[in-house]
Amino acid sequence: MSSEYILEMDNITKEFPGVKALDNIQLKVRKGTVHALMGENGAGKSTLMKIIFGIYTPDKGTIKFKGEEIKLSGSKDALNRGISMIHQELSPVPQMTVAENIYLGREATFGFGWIHKKKMIEDTRKLFQTLNIDMDPHTKMADLSIANTQMVEIAAAISYDADLIIMDEPTSAITDKEVDQLFRIIESLKAKGVSIIYISHKMDEIFRICDDITVFRDGQYIGTKAASELDQESLIQMMVGREIKQVFHKEEAEIGDVVLSVRNLTRTGKFKDISFDVRKGEILGIAGLMGAGRTEVIESIFGIHPPDSGEIYVHGRKASITSPRDAIKYRIGLLTEDRKITGALLPLSIRDNMIVSSMDSYLNKAGFINRKMVDDMCSLFVERLNIKTPGLDQLIMNLSGGNQQKVLLARWLLNNPDILILDEPTRGIDVGAKSEIHKLMSRLAQTGKAIIMISSELPEVLGMSDRVVVMHEGAKKGELAREEANQQKIMELAYS
C-alpha cells in the first residue's frame, strides 16, 4: 500500500558550531499538495530545505521520498531523484544567456560533445510558452531586472520535471502580475500531481494557495494543520509562541525641523524632478510599484549614483554628495534593498560587519583599532537589538535573515546618523522580527532621527509612516499625510 506522502522526514537534527539549528524536526508532505513551511527567521526552515535538497547532511533522523528511505549526497543527487528548488537568494551567471542559465550543468550536446545552443534556445522557448513567460532566451542575465531574474529561477526549477519543488520566497522580487502567473503555474503543477513546499513571509499568499501548514519555532517542530483550520492570528501565535496584537508599532514622536531637503532631483532615464522634505523625528514612507524609481532616488541621495541635476540640503545647507563616503560625512545611513548583495559582507564576522562604516572612530593614537572599544560597542548593540548569536566572531552568513538585518542596522547606528534611509527593511523577515524592526524604527524617531522608509508592502507603509510620498515611473505623483493616507489613495497615485 503506497503512502499518501511524497516526503516523510522524522527526527531530523542538525547542529552547527554554537547553534542547534534543528532539534528532532518532522515534516510530512502529501502528494499533489502545496505545503507551507512557516516560522520566524532562525526557526530552521532554510536549514531543513538544504537538507531536503542535499546541500546539508542531517546529524540524525530519516528521510523517505516516494516511500523509499534515502540519503542524499548533494543537490545533483536530489535533482536526479526528482527534487528541485527555487532558492531565496538569486545566483545567476550574469554573462550567460537566459537559456544557458536554465540548462547550466545539463546542456544539450551533439557530435563530439559540442553544446547544442539551438536546442537549448528552442527548449527554453517551449518552457516559457508553457509557463506564459514573455522573455527572449538569448538575453544575458546581466540585462534582466530582479523580477525577471526571479522568473528565470522559477522556470529553471520547473524545467527538471520534478515530483517535489521547494519554493523559498519565490515572490519576494516579482510584481503582483507575476505572482498571479506563478500561482497559476502552481495550480497546474498540482493538477499533474507535483508536490510543492512553499516558504513565504506573506500571509495572504499562504492562505491563498497552501493546503497544509507546518510551523517551526527555534529549531523545533510545533505542529502541522490544514490551512483551512487556521487564520492569520492563530498562525502567528503558533509561529512566535505569543500573540502579536499590533503588527505595526508606530509610536508618537515629536516632529521637529527639516533635516533633509531634496529639490528637483533628476537622473536621466530613472527619475525626474523629485522634491520632498524629511523632518527630525519623522518617518517618511516612499511607496510605488516596482520600477517606480524609489530605490534609484535614495541611491542618488546616498551618492551611489549621483543625480544629473537637482539639489540636496542637509540641516538647511546645500550638500555635495558624490559618493557614499560623502553621505556618511553628512551623517546619512543607508540600509540597502538587498542585504546579501549590497549589504552584508558574508564571509566576515558580525564584529567586522558592524564597524566597517565607522572604523575610523575606533583607531587609537598609534593608528591601530582599539579592540576593547569595538567589542564593547558591538556587544551593546547586540544586546539592544536582540541579535541572536553565540558571539561577535560568528560569521554573518550563519545568522538568520532577521538577525543579519539587525547587524546591518547596528552598522549605521554605530555612526549615530541624523538621517537613516531604510530600503525594504523587513523584506524576507518573519512577523516577529518585523515587529522588532518596527519598534526600533519608532524608538529611533523618538530620539530625533529622520527616517526614510521604502517598502513594497502597503500595510507597512500605512502603519509606520507619518507622511507618504508616492512614485510612478520615475515621477512623484503625490504626498499624503498619515491621517489621509489609505490603500486606495496610494494605489490610485501609484498607477496614475
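**Close-up views of a predicted model**

**View 1. A charged group over an aromatic ring, R384 and F381.** In this predicted model, the ring of F381 has the charged end of R384 sitting over it, at 5.3 Å from the ring centre.

**View 2. The largest nonpolar core and its most connected residues.** This core comprises 62 residues, and L260, F276, I301 and M354 have the most contacts inside it. Helix α14 (residues 401-413) supplies the largest share of the core, namely six residues.

**View 3. The surroundings of L260.** When neighbours within four places in sequence are left aside, L260 is in contact with F276, D277 and V278, with I301, with I312, Y313 and V314, and with I419 and I452. Of these partners, F276 and I301 are also named with L260 among the residues that have the most contacts inside the largest nonpolar core.

**View 4. The aromatic pair F16 and Y56, one of three aromatic pairs in the structure.** The two rings are arranged edge-to-face, with 5.2 Å from centre to centre and 65° between the planes. F16 belongs to strand β1 (residues 5-16), whereas Y56 lies in the loop between α1 (45-52) and β4 (60-65), 40 residues apart. F16 counts as partly exposed because its relative accessibility is 28%; Y56, at 25%, likewise counts as partly exposed.

**View 5. The aromatic pair F302 and W412.** The ring centres are 5.7 Å apart and the planes stand at 90°, so this pair is edge-to-face. F302 is located in the loop between α9 (294-301) and β16 (309-314) and W412 in helix α14, so the pair ties together parts 110 residues apart in sequence. Both F302 and W412 are buried.

Definitions and conventions: Residues are numbered from 1 along each chain as its sequence is written. This is a predicted model: local features need pLDDT of at least 70, side-chain atom pairs count only at pLDDT 80 or more; totals for chains, interfaces and linings use all residues. Side-chain values use heavy atoms; hydrogens and water are left out. A nonpolar core is a set of buried Ala, Val, Leu, Ile, Met, Phe, Trp, Tyr and Cys residues joined through side-chain atoms within 4.5 Å. Buried means under 20% relative accessible area, exposed over 50%, partly exposed in between (1.4 Å probe, protein chains only). Helices (H or I, at least four residues) and strands (E, at least two) are DSSP runs, numbered from the N terminus. Contact means heavy atoms within 4.5 Å. Rings of Phe, Tyr and Trp (its six-membered ring) pair if their centres lie within 6.5 Å; planes under 30 degrees apart count as stacked, over 60 as edge-to-face and the rest as tilted. A charge sits over a ring if NZ of Lys or CZ of Arg is within 6 Å of the ring centre and within 35 degrees of the ring normal.
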